[in-house]
Amino acid sequence: MSHGDINPAAVPLVGNDVQGDDRWISQHYRFLLDCKDKEPDVLFVGDSMVQLLQQYEIWQELFSPLHALNFGIGGDTTCNVLWRLQNGELENIKPKVIVLWIGTNNHGNTVEEVAGGVMAIVKVVNSLQPQAKVIVMGLMPRGERPNPLREKNERINQLLRVWLPRLPGVQLLDVDSGFVHSDGLISRHDMFDFLHLTAAGYAKVCRPLHELIMQLLEETPEEKQVTLA
């Protein structure tokens, strides 16, 4: 992608109502109500990897006590998340930590475009929620056996490792270690469809994520002021 070109993965888009029941926009409106009714310290935003997390006990164990909100919609791309965040899902709230997990559904985009789309989202978050620390979750390996999409996700992660440090208050959390075995296979015990996580798979991801969130929550403004002084 040459300099000055528009990145198609960084263009805000309403979710495609594939089945004709308006579920995508209905979920967006529900999130807007949550913004008015709740005061989260932690906000999760992303696709089905975020959405399904709320259905497992580990959400109640680790994240509900942190007053977390889950703004995940299955099938979302970077474009859909951009649209949502620019259309009210960051209003009326002031989270301390925002967790972003997105990109694996950007099938029509190149590696560079997807990484650029993630960067565009982080820039929107930095603009609308400057107080928030941002955790970008690395994309997971996918498919039972080695395949082009798995390779693509790893290349996206490689780019994000280089690009994300250019932005303030953000870090990448790689959580894919241990999912791909020495023979190149992924176990159904970790990913029931070789994409979405089981309870055991989420445990592997969420415990280091929770540890990082707790570290960031403990970095209060008061402590920063003392350090700077």
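A residue counts as buried when its relative accessible area is under 20%. The structure discussed here is a predicted model. At 18% relative accessibility, Trp 83 falls under that cut-off and therefore counts as buried. Trp 24 also counts as buried, at 8% relative accessibility.

A search of the whole structure finds 6 aromatic pairs. One of them joins Trp 24 and Trp 83: the ring centres are 5.6 Å apart and the planes stand at 55°, so this pair is tilted. Trp 24 belongs to helix H1 (residues 23–37) and Trp 83 to helix H4 (residues 78–86), so the contact ties together parts that are 59 residues apart in sequence.

Another pair is formed by Trp 59 and Phe 63, with ring centres 5.6 Å apart and planes at 55°, so it too is tilted. Both residues lie in helix H3 (residues 57–63), 4 residues apart, which is about one turn of the helix.

| Residue | Relative accessibility | Class |
|---|---|---|
| Trp 24 | 8% | buried |
| Trp 83 | 18% | buried |
| Trp 59 | 2% | buried |
| Phe 63 | 0% | buried |

A charge placed over a ring is a separate kind of contact. Where does the charged end of Lys 204 sit? The charged end of Lys 204 is over the ring of Phe 179, 5.3 Å from the ring centre.

Terms used. Residues numbered from 1 in each chain as written. Predicted model: local features only at pLDDT ≥ 70, side-chain atom pairs only at ≥ 80, totals over all residues. Heavy atoms only, no water. Phe/Tyr/Trp six-rings, centres within 6.5 Å; stacked < 30°, edge-to-face > 60°. Helix = DSSP H or I, 4+ residues; strand = E, 2+ residues; numbered from the N terminus. Buried < 20%, exposed > 50% of the residue type's maximum accessible area, 1.4 Å probe, protein only. Lys NZ or Arg CZ within 6 Å of the ring centre and 35° of its normal.
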